[in-house]
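Subject: Structure for your files

Hello,

Here is the structure you were to receive. Please open it alongside this note; what was found follows below.

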Amino acid sequence: PPPPRNPQRGPPPPPSTPLSSSRSAPAPLGTAFLSKPLSLCLKGGSQPAMQKSEAAKAAADEWESTYEGGKTVYTEAPFPCIAEIFKTHIPKKSKVLDLGAGYGRDSVWVAEQLGCSVVAVEPTSNGIEQLKKRAESQGVGAQVETVCGTTLEWEHEGGFDAILMDSVLSFVSAEEKPATVTKCLSALRPGAVFIVVSHPEKDDAKWVSKLVEGSSEKSSVEVIMDDAEHPYTMTFEEDGKPYTHNGHWSVTIVKKKA
């Protein structure tokens, strides 16, 4: 069978809306919030989801069942090749934004292994709840702030040391990709990095670089890794049977000039 379209999230088709939201001040542990004027999506791990914006609903519809009942999709930690990228390019104890965080694979690993404080953004209530439980079980709950919403609703203060979009930007609609990239670049502090992990079979060569070149932020950034291929092996269950898929990720890293 063909590999899933988004190995972090699982087989369902991806949302058409990028995944993120806003941050004004650090929220209490266990609180997720949306940018003004949107309502709270999830407040407290055991409480039912509250009203969501239409954009958040659209982004979450395909994924809520993926995380229902505490299911973990495929991998507990980032693929080794991606973990090496993180270790090389994300400073320890830095401030990281993880867009489309899913069940927290990257967010929790970055917090635990690199000591970072992480804003983890995800539109699904089930994903947010699982992410929080995962962070708390690994002893990094106080380092991971969960946010429920979508990227183009997101208002930010900026100043992130790294922004991650792992298996997410590929699935943003063509119309929304330019605005998404520009928004991410504007949220970086000088010297910080925007790391995009994508599916090479879905995208044109150097597509992230092309988006950067067309961004109003292009003069303030430089591409330091351009569509580099990183091989991986993934084993998962398909129709009750183990299935191994060999492939590679495409990684682009954009750095904000000092």
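The model holds an open sheet of seven strands in the order E3-E2-E1-E4-E5-E7-E6, with mixed pairing. Two strands count as paired if DSSP finds at least two bridges between them, and the elements are DSSP runs numbered from the N terminus: helices (H or I) of at least four residues, strands (E) of at least two. Strand E3 (144-147) and E6 each have a single partner strand and stand at the edges, so one side of each is left without a neighbour in the sheet. From one strand to the next the twist averages 20°; axes are lines fitted to C-alpha atoms (for helices, over the stretch in contact), and angles run from 0 to 180 degrees between N-to-C directions.

This is a predicted model, in which local features need pLDDT of at least 70 and side-chain atom pairs count only at pLDDT 80 or more, while totals for chains, interfaces and linings use all residues. Residues are numbered from 1 along each chain as its sequence is written, and side-chain values use heavy atoms, with hydrogens and water left out.

Within the sheet, E4 and E5 run parallel and are joined by six bridges. Ala-162 stands opposite Val-193 in E5.

H4 lies across E2 and E3 and runs at about 175° to E3. H5 packs on the sheet, touching E1, E4, E5, E6 and E7, and its direction makes about 145° with that of E5. Contact here means heavy atoms within 4.5 Å. The buried residues of H5 (177-186) include Thr-180, Val-181, Cys-184 and Leu-185; buried means under 20% relative accessible area, exposed over 50%, and partly exposed in between (1.4 Å probe, protein chains only).

The largest nonpolar core has 33 residues, of which Phe-86, Ile-90, Val-110 and Ile-195 touch the most other members. Such a core is a set of buried Ala, Val, Leu, Ile, Met, Phe, Trp, Tyr and Cys residues joined through side-chain atoms within 4.5 Å. Apart from it lies another core, of 25 residues, among them Leu-97, Ile-163, Val-181 and Leu-188. Leaving aside residues up to four places away in sequence, the contacts of Val-110 include Phe-86, Ile-90 and Leu-164.

Lastly, two backbone angles. Lys-93, in the loop between H2 and E1, has a positive phi of about 55° although it is not a glycine. Lys-93 is exposed, with a relative accessible area of 71%. Lys-206, in the loop between E5 and H6, also has a positive phi, near 55°, and is partly exposed at 41% relative accessible area.

Regards
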